[in-house]
Amino acid sequence: MSANVLPFFGAWGRLILRIRIYMFEIEDNKDSRVYILYSDEILNNLKLFEESVERFIKTDDRDLVLDMTNLSSLNSMFLAFLIRIKTSLFVERRIIRLVNYNESVYRSLEVAGLDSYFHFE
């Protein structure tokens, strides 16, 4: 597993750092860190992703955004992971936002009774 660091200049000429790691990419913005999830494979290999998110929560004060564009569904392990990170962020008075999810992903959260627990955009 290797990481590719992809620096680029965003709006207003400010440097934004993107890091691509195996099944997800990290995009750091002023107010949040965005994790772009690349495939459903992450559902079965949560360890690296979970470690990255936990490290972010402990060392940063920005909000967390999960871009779920490439996920077709969620499993129970991922739902449990979402609850854990939501709780950790809540204690720190921060939020997690779920973006670019499909109907199946939203339905999984709804069936689990978590649709009112998260911020959806």
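**From the surface to the core**

The chain has 121 residues, and 40% of them are buried. This is a predicted model. Its pLDDT averages 84 over the chain, and 82% of the residues score at least 70. Over residues 5-19, however, the pLDDT is below 50, although the model gives this stretch 33 contacts beyond near neighbours in sequence.

The secondary structure consists of three helices and seven strands. Their order along the sequence is β-β-β-β-α-β-α-β-α-β. Of the contacts in the chain with a separation of 6 or more, 51% join residues 24 or more positions apart.

Next comes the interior. In soluble globular proteins, nonpolar side chains tend to be buried together. Here the largest nonpolar core has 29 residues, and those with the most contacts inside it are Tyr35, Phe49, Met68, Leu74, Phe78 and Leu82. Two or more residues come from each of the strands β3 (24-28), β4 (32-37), β5 (63-67) and β6 (96-99), and likewise from each of the helices α1 (46-59), α2 (76-91) and α3 (103-111). The element that gives the most is α2, with six residues.

Met68 shows how separate parts of the sequence come together. Leaving aside neighbours within four places in sequence, Met68 is in contact with Leu37, Leu74, Phe78, Leu82, Leu98, Val99, Asn100, Tyr101 and Val105.

Five of its five residues are buried, so β3 is largely enclosed by the rest of the structure. In a regular strand the side chains alternate between the two faces of the sheet. In β3 both faces are covered: Phe24, Ile26 and Asp28 are buried on one side, and Glu25 and Glu27 are buried on the other. The strand pairs with β4 in the antiparallel sense, over five bridges. Within this pairing, Glu25 has Ile36 of β4 as its bridge partner. A hairpin of three residues joins β3 to β4.

Some backbone angles are worth checking. Most residues other than glycine have a negative phi, and most peptide bonds are trans. Arg93 has a positive phi, near 60 degrees, in a residue other than glycine. It is placed in the loop between α2 and β6. With a relative accessible area of 80%, Arg93 counts as exposed because the cut-off for that class is over 50%.

Asn100 also has a positive phi, near 55 degrees. This residue lies in the loop between β6 and α3. At 44% relative accessibility, Asn100 is partly exposed, and it is also among the residues in contact with Met68.

Finally, consider the two ends of α3. At its start, a side-chain oxygen of Asn102 reaches to within 2.9 Å of the backbone nitrogen of Ser104. After the helix comes Gly113, which has a positive phi near 75 degrees.

Notes
Residues numbered from 1 in each chain as written. Heavy atoms only, no water. pLDDT = per-residue confidence, 0-100. Contact = heavy atoms within 4.5 Å. Core = buried A, V, L, I, M, F, W, Y, C linked by side-chain atoms within 4.5 Å. Buried < 20%, exposed > 50% of the residue type's maximum accessible area, 1.4 Å probe, protein only. Helix = DSSP H or I, 4+ residues; strand = E, 2+ residues; numbered from the N terminus. Pairing = 2+ DSSP bridges. Polar contact = N/O pair within 3.5 Å; in protein donor to acceptor, adjacent residues only side chain to side chain.
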